Amino acid sequence: MKDAFGLPQSLLVLGGTSEIALATARRLIARRTRTVWLAGRPSPALDRAATELRGLGAEVRTVAFDALEPEAHETALGKVFAEGDIDLVLLAFGVLGDQARDERDPASAVRVAQTNYTGAVSACLVAARALQAQGHGSLVVLSSVAGERARRANFIYGSSKAGLDAFAQGLGDALYGTGVHVMVVRPGFVRSKMTAGLPEAPLATTPEEVAAAVELGLRRRSETVWVPGALRVVMSALRHAPRAVFRRLPV
């Protein structure tokens, strides 16, 4: 169960090697989280992540999970919930893709969409049903400001995050009053391995700063979290800019 401040004692990470997810896990373990499940493709990176978190004092287990295999999600996540209640599910998997390549290769573009949207829809629904069955818990979905308005530079990735964001908001409304809390997190440009080599956008943030925002959002039982908070105002202006103007902006 969660503590008096709304922080989880047990955590399931979907996307167990995500830098944001691991920064969040480290932060929560330092508070009170004692049981962590890392779901992801079996790999040395997943094993290293588990070893690191064990070193911080948590009981850590891994489970094989692939966003691109939705037919296996119920079985994979069912193994986790069969072991006991989960206070927090953090959906953190996703791929950025390569816009230029993906425009030339529809199959690559579809893979981005299937990972970021289709796989996430499946995982969210399976996790939400399990949380609802136990009568409590939070589902935190890592979205992106890229989903607020499609940009020429990354509209394939942005459109997949737009779909995920809308889905998560609707899921939160559907679960309202059931004891399950859904929180959508919209980071801006995050300095990480996924964005290495890309030009840094204004108001760039770090995995640790996103983790801090997630913790604060959980304490407040927020439904939407922007990281950094100033992006809420910036994206509101961009979202309402006339299309002819938006096309000419260096975003």
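**Strands 1 and 2.** I began with strand 1 (residues 10-14) and strand 2 (residues 35-40), which pair in the parallel sense over 5 bridges. For my notes, two strands pair if DSSP finds at least two bridges between them. Helices (H or I, at least four residues) and strands (E, at least two) are DSSP runs, numbered from the N terminus. I looked up L14 and found that its bridge partner in strand 2 is A39.

**What I am looking at.** This is a predicted model, where local features need pLDDT of at least 70 and side-chain atom pairs count only at pLDDT 80 or more, while totals for chains, interfaces and linings use all residues. Residues are numbered from 1 along each chain as its sequence is written, and side-chain values use heavy atoms, with hydrogens and water left out.

Next I wanted the strand order: it is 3-2-1-4-5-6-7, in an open sheet of 7 strands with parallel pairing. Strand 3 and strand 7 are the edge strands, each pairing on one side only. On average, neighbouring strands here are turned by 15° against each other, direction ignored. Helix 5 (residues 106-134) packs on this sheet and touches strand 1, strand 4, strand 5 and strand 6. The direction of helix 5 makes about 165° with that of strand 5. My note on angles: axes are lines fitted to C-alpha atoms, for helices over the stretch in contact, and angles run from 0 to 180 degrees between N-to-C directions. Contact means heavy atoms within 4.5 Å.

**Strand 6.** How many residues of strand 6 are buried? I got 8 of the 8, so strand 6 is largely enclosed by the rest of the structure. Buried means under 20% relative accessible area, exposed over 50%, partly exposed in between (1.4 Å probe, protein chains only). I checked both faces: V180, V182, V184 and R186 are on one side, H181, M183, V185 and P187 on the other. Strand 5 and strand 6 run parallel and are joined by 6 bridges, and V141 stands opposite V184 in strand 6. The chain gets from strand 5 to strand 6 through helix 6 (residues 155-175), in a right-handed β-α-β crossover. Right-handed means that, with the strands pointing away from the viewer, the path from the first strand over the helix to the second runs clockwise. On to strand 7: strand 6 pairs with it in the parallel sense over 4 bridges, and V185 stands opposite V225.

**T205.** I found T205 in the loop between strand 6 and helix 7. T205 is buried, with a relative accessible area of 1%. Leaving aside neighbours within four places in sequence, its contacts are F189, V190, R191, V210, V227 and P228.

**Helix 7.** V210 turned up again among the buried residues of helix 7, along with P207, A211, A213, V214, E215, G217 and L218. Their cover includes helix 1 (19-31), strand 4, strand 5 (137-142), strand 6 (180-187) and strand 7 (224-227).

**Aromatic rings.** F65 and F93 make a tilted pair, 5.7 Å centre to centre with 45° between the planes. Rings of Phe, Tyr and Trp (its six-membered ring) pair if their centres lie within 6.5 Å; planes under 30 degrees apart count as stacked, over 60 as edge-to-face and the rest as tilted. Both F65 and F93 are buried.
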